[in-house]
Amino acid sequence: MFIEKINIKETSKADLRNVASLWNNGEVMFYVGFPEGLGITLDELEKKWLPWAINKPKRCHYSIYTEDECYCGEGFYDVDEISGLSSLDIKLLPSAQGKGIAYRSLKYVIKKAFLEGGAKAVYVDPHPENKRAWVLYEKLGFKSKPRPPFLEEGETYLEITYGEWLLDK
């Protein structure tokens, strides 16, 4: 079932209970190495994580909701000021997956990273076995490219430059 309308907003303290439920869900966190969930508390999110996560324009975290305010998940970008390269992230609750939400949400986050964050390129590094993520990233125009040497080692690296993104619009 395709969800027609979604609401994407900058994450605030009011969203942290939802973020905690997302991150503490082992099914959501499986491909990022936490099959039992992250085990994060509301206090940790409020005092440590939220002040770090919202540092506009170079870093921003978003909470994703359906039109009727049902929480779906998160989107995030973090632009490296030296290279202009931005990491991206998206996670959705299982109940929100397969409904077109991830595509529209990540497209929104990409736009924000380029237009507000000043990114020259954006990248993702999906787990090799996360087939649904690979389909999403390819649909958005990401291409497998050599991983820049200044990034942590990783098995995968998919990127789209600002110019490639503009051509796809």
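This is a predicted model: local features need pLDDT of at least 70, side-chain atom pairs count only at pLDDT 80 or more; totals for chains, interfaces and linings use all residues.
Seven strands, listed in the order E1-E2-E3-E4-E5-E7-E6, make up an open sheet whose pairing is mixed. Its edges are formed by strand E1 (6–10) and strand E6 (143–144), each of which pairs on one side only. In general, strands of a sheet pair through backbone hydrogen bonds, either parallel or antiparallel.

Strand E2 (residues 59–66) and strand E3 (residues 71–79) run antiparallel and are joined by 7 bridges, and Tyr62 stands opposite Gly75 in E3. Helix H1 packs on the sheet, where it touches E2, E3 and strand E4 (85–92), and the direction of H1 makes about 90° with that of E3. Helix H3 also packs on the sheet, touching E2 and E3, with a direction that makes about 105° with that of E2.

## Helix H1 against helix H3

The two helices also pack against each other: H1 (residues 16–23) and H3 (residues 42–53) meet at an angle of about 105°, and their axes are 9 Å apart. Because angles of 65 to 115 degrees count as roughly perpendicular, H1 and H3 are described as roughly perpendicular to each other.

On the H1 side the contact involves Leu16, Arg17, Val19, Ala20 and Trp23, while H3 contributes Leu42, Leu45, Glu46, Trp49 and Leu50. The residues of this contact divide into 8 nonpolar, no polar and 2 charged.

## A proline in helix H3

Helix H3 also contains Pro51, which counts as exposed, with a relative accessibility of 52%. When its neighbours within four places in sequence are left aside, Pro51 is in contact with Leu45 and Glu46, two residues that also take part in the contact of H3 with H1. The C-alpha atom of Pro51 is separated by 29 Å from that of Pro149, which is 98 residues apart from Pro51 along the chain.

## The cysteines

The structure holds 0 disulfides. Cys60 is in no disulfide, and the nearest cysteine sulfur, that of Cys72, is 17 Å away. Cys60 is buried, with a relative accessible area of 0%.

Note on methods:
Residues are numbered from 1 along each chain as its sequence is written. Side-chain values use heavy atoms; hydrogens and water are left out. Axes are lines fitted to C-alpha atoms, for helices over the stretch in contact, and angles run from 0 to 180 degrees between N-to-C directions. Helices (H or I, at least four residues) and strands (E, at least two) are DSSP runs, numbered from the N terminus. Angles under 35 degrees count as roughly parallel, over 145 as roughly antiparallel, 65 to 115 as roughly perpendicular and the rest as oblique. Contact means heavy atoms within 4.5 Å. Ala, Val, Leu, Ile, Met, Phe, Trp, Tyr, Cys and Pro count as nonpolar, Asp, Glu, Lys and Arg as charged, and the others, Gly among them, as polar. A disulfide is a pair of cysteine sulfur atoms within 2.5 Å. Buried means under 20% relative accessible area, exposed over 50%, partly exposed in between (1.4 Å probe, protein chains only). Two strands pair if DSSP finds at least two bridges between them.
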